[in-house]
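Dear colleague,

I am handing a structure over to you with this email, and my notes on it follow below. Please keep the sequence and the 3D view open while you read.

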Amino acid sequence: MNERSSDVSSELYPELTVPGGLREALGREADRRGYGDEPLDSVEGFDPAVAACCARGKARFAVYATNIDEREFRIEISGPSGWPWGAFGSTVDLTVVAAILHAWRDGASIAQLRREWTLLAATPLDAAPPGRVVSTAWRLTLERSPVIRLGDAELAEALYAQPALRMFFPWPSHGRFSLLSSTADPFHEEVPRVIPTLDGLWNVVAPWAPQASERVLGSGLSAREAAALVAENVPAGSGPAIEGGWPTGGRMA
């Protein structure tokens with residue numbers, strides 16, 4: 001998942017393949033609708049072809065076209081305090097993005113925006129389209145987005161590099177990195193987790209089980225070695241992660 005690439009799919013995003021990319025495309029859409037908004041800024045770490053933003057005091061509106069598998073314009077709006085959690089959305093329609101951006105620039109509050117556009121949600125994962133919660137979580141993790149729980153960058157890259165692990169929900173916490181089989185509480189863990197050591201390496205341990213001591217599958221591993229060991233120990237029949245909480249009776253057939 002090369003999220004920060006400047007390469008734009010002409011099939012998914014034909015309007016972004018011209019010079020200026022997303023910034024210019026949104027500007028043209030604003031002009032077409034008579035908004036006359038000022039130019040957008042670039043997003044640090046992203047090519048203007050795939051990301052754009054603007055600020056209103058400490059508040060910030062950003063939009064990304066970094067999904068290289070499906071057409072998606074991902075919206076992130078922070079509040080006037082600068083706190084990154086505000087409103088999040090996902091749409092295939094650049095016209096919708098332009099309309100929301102114009103309303104925000106005109107002073108609409110996050111509450112007003114969420115009432116007007118129901119695609120906006122309180123968290124980025126609530127805003128993810130059905131079937132794309134896990135892929136959205138991975139995308140935000142690899143982009144090092146401040147709007148999601150983040151773990152060690154090298155380990156996250158190594159875990160994602162294992163195709164067998166991409167179907168699980170990434171859940172870093174307190175230095176550990178778990179891959180869960182559900183995306184919300186109650187969470188369910190079937191896959192070995194990765195735990196940091198004091199010397200900057202990693203241990204891989206079997207999933208927690210009632211009345212069982214922690215079973216170490218490998219110790220003192222590099223990020224790449226740890227990820228490979230986790231992939232080797234994915235139980236048969238586990239995954240992909242269920243969107244929402246783990247059902248009381250277990251995974252449905």
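**The cavity and what lines it**

Strand S3 (73-78) and strand S4 (87-91) each supply at least two residues of the lining of the largest cavity. Helices (H or I, at least four residues) and strands (E, at least two) are DSSP runs, numbered from the N terminus. Please bear in mind that this is a predicted model, in which local features need pLDDT of at least 70 and side-chain atom pairs count only at pLDDT 80 or more, while totals for chains, interfaces and linings use all residues. Residues are numbered from 1 along each chain as its sequence is written, and side-chain values use heavy atoms, with hydrogens and water left out.

The structure holds 1 cavity of 30 Å³ or more, where a cavity is a set of points, on a 1 Å grid over the protein atoms alone, at which a 1.4 Å probe fits but cannot get out. The volume of the largest cavity is about 50 Å³, a volume being the space filled by probe spheres set on the points, which are joined across faces, edges and corners. Its lining is made of Glu72, Arg74, Ile75, Phe88, Gly89, Ser90, Pro124, Ala127, Ala128 and Thr136 (lining residues have an atom within 4 Å of a point). S4 gives the most to this lining, with 3 residues. By class, the lining divides into 5 nonpolar, 3 polar and 2 charged residues, where Ala, Val, Leu, Ile, Met, Phe, Trp, Tyr, Cys and Pro count as nonpolar, Asp, Glu, Lys and Arg as charged, and the others, Gly among them, as polar.

**Helices that meet**

Helix H1 (residues 21-32) and helix H2 (residues 94-105) have axes that come within 9 Å and cross at roughly 75° (axes are lines fitted to C-alpha atoms, for helices over the stretch in contact, and angles run from 0 to 180 degrees between N-to-C directions). That angle makes H1 roughly perpendicular to H2, since 65 to 115 degrees counts as roughly perpendicular, under 35 as roughly parallel, over 145 as roughly antiparallel and the rest as oblique. In this pair, Leu22, Ala25, Leu26, Glu29 and Arg32 of H1 meet Leu94, Thr95, Val97 and Ala98 of H2, with contact meaning heavy atoms within 4.5 Å. The residues of that contact are 6 nonpolar, 1 polar and 2 charged.

How do helix H4 (residues 133-142) and helix H5 (residues 153-160) cross? Their axes come within 10 Å and cross at roughly 140°, and H4 and H5 are therefore oblique to each other. On the H4 side, Trp138, Thr141 and Leu142 meet Ala156, Glu157, Leu159 and Tyr160 in H5, a contact with 5 nonpolar, 1 polar and 1 charged residues.

H5 also comes up against helix H6 (residues 223-232), their axes coming within 8 Å and crossing at roughly 40°, so that H5 and H6 are oblique to each other. Glu154, Leu155, Ala158 and Leu159 of H5 make this contact with Ala223, Arg224 and Ala227 of H6, and its classes are 5 nonpolar, no polar and 2 charged residues.

**Backbone points in the loops**

Most residues other than glycine have a negative phi, and most peptide bonds are trans. Arg144, in the loop between H4 and H5, has a positive phi of about 60° although it is not a glycine. Asp185 and Pro186 are joined by a cis peptide bond, with omega about 0°, and Pro186 is found in the loop between strand S7 (182-184) and strand S8 (193-196). The bond from Gly239 to Pro240 is also cis, with omega near -5°; Pro240 belongs to the loop between H6 and strand S11 (242-245).

With best wishes

Methods:
1 Å grid on protein atoms, 1.4 Å probe; cavity = no way out; pocket = protein on both sides within 12 Å on 5 of 7 lines; lining within 4 Å.
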